[in-house]
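Visitor: I would like to learn how to read a few features of a model like this one. Please take them one at a time.

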Amino acid sequence: MAHWIEPHPTGIYVRPADAWIDPSVPRERALVTHGHADHARGGHGHVWATRETLAIMALRYGTASGTPVGYGEEIRLGGVTIRYVPAGHVLGSAQIVLTHAGERVVVTGDYKRRPDPTCLPFEPVPCDIFVTEATFGLPVFRHPDTGSEIDRLLAALHANPDRSVLVGAYALGKAQRVICELRARGHHDPIYLHGAMERMCNLYVELGVEMGDLRPATGVAAKDMRGAIIVAPPSALNDRWSRRLPDPITAMASGWMRVRQRARQKNVELPLILSDHADWDELTDTIREVAPTETWITHGREEALLHWCMTHQIRARALALVGRDDEEEG
Amino acid sequence: MRPFSQLLDALVYTRSRNGKLALIAAYLRAAPDPDRGWALAALTGNLDLKAVKSSAIGEMIRARVDPVLYEMSRDYVGDLAETVALLWPTPPGEPPDLDDGTLTLATVVDRLHATSRAAAPDALAQMMDHLDASGRFALLKLATGGLRVGISARLAKTGFAQAFGLNVDDVEQVWHALSPPYTALFDWAEGRAARPDPAGTPFFRPFMLAHPLEADSVDLADYAAEWKWDGIRIQIVGTGSETRLYSRAGDDISASFPEIAAAFTGHAVLDGELLVRGEFQGGEAASFNALQQRLGRKLVSARMQADYPAFVRLYDLLLEGDEDLRALPWAQRRARLEATMPHLDASRFDLSAIIDAPDFDALADIRAGARDAAIEGVMLKRRDSPYVAGRKAALWYKWKRDPLTADCVMMYAQRGHGKRSSFYSDYTFGCWTADGELHPVGKAYSGFTDEELKWLDRFVRQNTVARFGPVREVEKTLVLEVAFDSIHDSKRHKSGLAMRFPRIARIRRDKPAAEADTVEGLRKLVR
């Protein structure tokens, strides 16, 4: 079925359109789901993506030739009808819905089902072939309620007025979501940013995501950051950079924090289970909801999801895509 | 259950001692009775529930989730209790990960107490349905009989004392007069009742400790000298009807050394060194390495007791009957101790001998000549010193044998914890084999100054050749002079050797790596 679409290690090839979805090597025509580096690479000839994703790619790779595609807008490439539908993963993230020869294929990129103040919610689209991620494709991964995790962060902050809370969060998406969730919980104090966060946060603001009072952490005296939240990329948590902060409580916002040993390995004191990927229940509920004839699993813990599909009478296969890095972003 | 499960989680992630104490204190102040009493019992290792076997928990989960998915999950997570806590299916119609608040810690404990072993899995399953993942984890850890949150009983008691502004030694004194859920203890702590009376119970008395000797000499007319034995310091508390053994931290270790507890039937409190007899030393005390085989075991087999027979070398007598001798001068306590010896089981108790030296120089010679594996150095005790808790200046000194040293090459480095979490402060170092390879011989994370740490951190960052997760392999160019108390055969390192208490004595920037010591040379220091 759907012989016009082919999984390859370097991406998914849409033959009639002569275009690649999220290719990991430079291609002439690329359809990109969202701005994370393992999906959006630099060096493509021409890119079709949402306006936000194109802006993120321009920030990361310099300007590239691209056609913005609005959510819901239909474009046609070589006889294939292509529509971008919100994936709920990060700002600008889209599922790519392809229709050709009477068959519909949905490529999700990365997605989640729970609300995110920085992007539009996932829209399920019934289809014949559903190409899904499986980052958290094990039943031990069930993300708790976002609000309760943010409350734990605020409780730690308020219980330690002489310290600071350093939150490790992926620079694109997670960081801004954490900030917006904090604002939604009534925290309006200045939030300090690691240098690697600033440009992306500025872009979010330009694209209409309000985040309140954000300040660079660089150049601020330690005593002035007492009782404050500082957001940094995970790699900076235990690095020399953090020595400038006032006795920081090390927090990390990631779905991986569900497993104690993972949190301990990273020297995290305050693990926040906060993910931009679907958890096990979201993955399996979504597959049931879109009811595909066949499910393709791109990356993550695909064995368990494959097994689940098999025991639920759903035809499924794992695609061995290269270069999908799910460790840091989670 | 949620306050308790959140406490356990926080204790797992908090590395600093003060941080842990603050967490325990905050919980004990806020939680209601009798929950907090049960929590204190669990944290001090005094909660004795009929343990549910881990195989029964495995069966419970296989009956509820696809066994293949369970196996995959267990492989990924590692720990059984954590896997099951995370995997436990939510009852229909309930949101996942919700502690519905119907179960208190006290209810959990009551139900686990009341259930039979056969009915335990069902009782457990019923409770699991009302908890979130943290609560399920705490429940499973309680039910399987081991919290393992990395705190000692003494630390938990210190947290209790801190919560209510008490002195931990006062808490310790009344502790053994009480049992979980310690209602009388909380009543006293919060001023609702008088202090419980510890009379007649075998409670722990804080140890008297020594300062390192820094003066060049002391007058042996004022100080008595005795060997400092390399075992573990132990307090034997007998009431005539019951005997308990306490470690230096105040942990009750009676169960680990049942033969010692059984051999003492008197009514007294004694201070001594716990050692094991090594046959290769003609029945004398063996090295600390042999004693380690016996440490940290909750239950000891007859085989263990036979292979590593324990005995106590006595230093001091604190109480005899109900008479408290601690205010008496050391010389008088010593005389009373010597008079007691004939009444003790000679196979389990002997007397730490006084070193007979005419003057300090002669003592120095005797100390230098001591080659016994179980001797760590010399103790100097003021003849008129009372027995007082903690370290008091000028009363007792420890004069350790000079450490051994070796020149080793830094091989790997890892980041430290807490305040050092951004510094590469844990170093693995090695010595040369006959084939010209470096084999690791030990790991050290102390001994250097803050300035030296900064320098070492920079060296590691600038000389990294490979990374393995959190570990950096470095260019094998830096010689570290490592001091250590002794060295033993061990399977821990590839060299087959392991050092006791290694620390960085000096950074030998001047020395070429090729001139560092050899594994063969180190092996000659094994005693």
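Guide: What follows goes through confidence, a helix, domains and a loop residue. The model is predicted.

Visitor: What are the overall scores of the model?

Guide: The ipTM is 0.92 and the pTM is 0.76. For chain B, the average pLDDT is 89, and 97% of the residues score at least 70.

Visitor: How should I read a helix?

Guide: An α-helix has 3.6 residues a turn, so residues three or four places apart point the same way. Length can be checked too: helix α1 of chain B (residues 2-13) has 12 residues, which at 1.5 Å a residue should span 16 Å, and the 17 Å between its end C-alpha atoms agrees.

Visitor: Which residues of α1(B) are buried, and what covers them?

Guide: The buried residues are B:Phe4, B:Ser5, B:Leu7, B:Leu8, B:Asp9, B:Ala10, B:Leu11 and B:Tyr13. Their cover includes α2, α3, α7 and α9 of chain B, together with α5 and β17 of chain A.

Visitor: Which domains does the assignment give for chain B?

Guide: Domain 1 is 2-144, domain 2 is 208-400 and domain 3 is 404-523. The C-alpha centres of domain 1 and domain 2 of chain B are 41 Å apart.

Visitor: Is A:Gly186 buried or exposed?

Guide: A:Gly186 lies in the loop between α3 and β13 of chain A. Because 7 other C-beta atoms lie within 10 Å, and 12 or fewer counts as exposed, A:Gly186 is exposed. Its C-alpha atom is 23 Å from that of A:Leu207, 21 residues apart along the chain.

Definitions and conventions
Residues are numbered from 1 along each chain as its sequence is written. Chains are lettered from A and ligands numbered from 1 in the order in which they are written. This is a predicted model: local features need pLDDT of at least 70, side-chain atom pairs count only at pLDDT 80 or more; totals for chains, interfaces and linings use all residues. Helices (H or I, at least four residues) and strands (E, at least two) are DSSP runs, numbered from the N terminus. A residue is buried if 20 or more other C-beta atoms lie within 10 Å of its own, exposed if 12 or fewer, and partly exposed in between; C-beta atoms are placed from the backbone. The expected span of a helix is 1.5 Å times one less than its number of residues. Two residues are in contact if their C-beta atoms, placed from the backbone, lie within 7 Å. Domain bounds come from an automatic or database domain assignment. pLDDT is the predictor's confidence in each residue, from 0 to 100.
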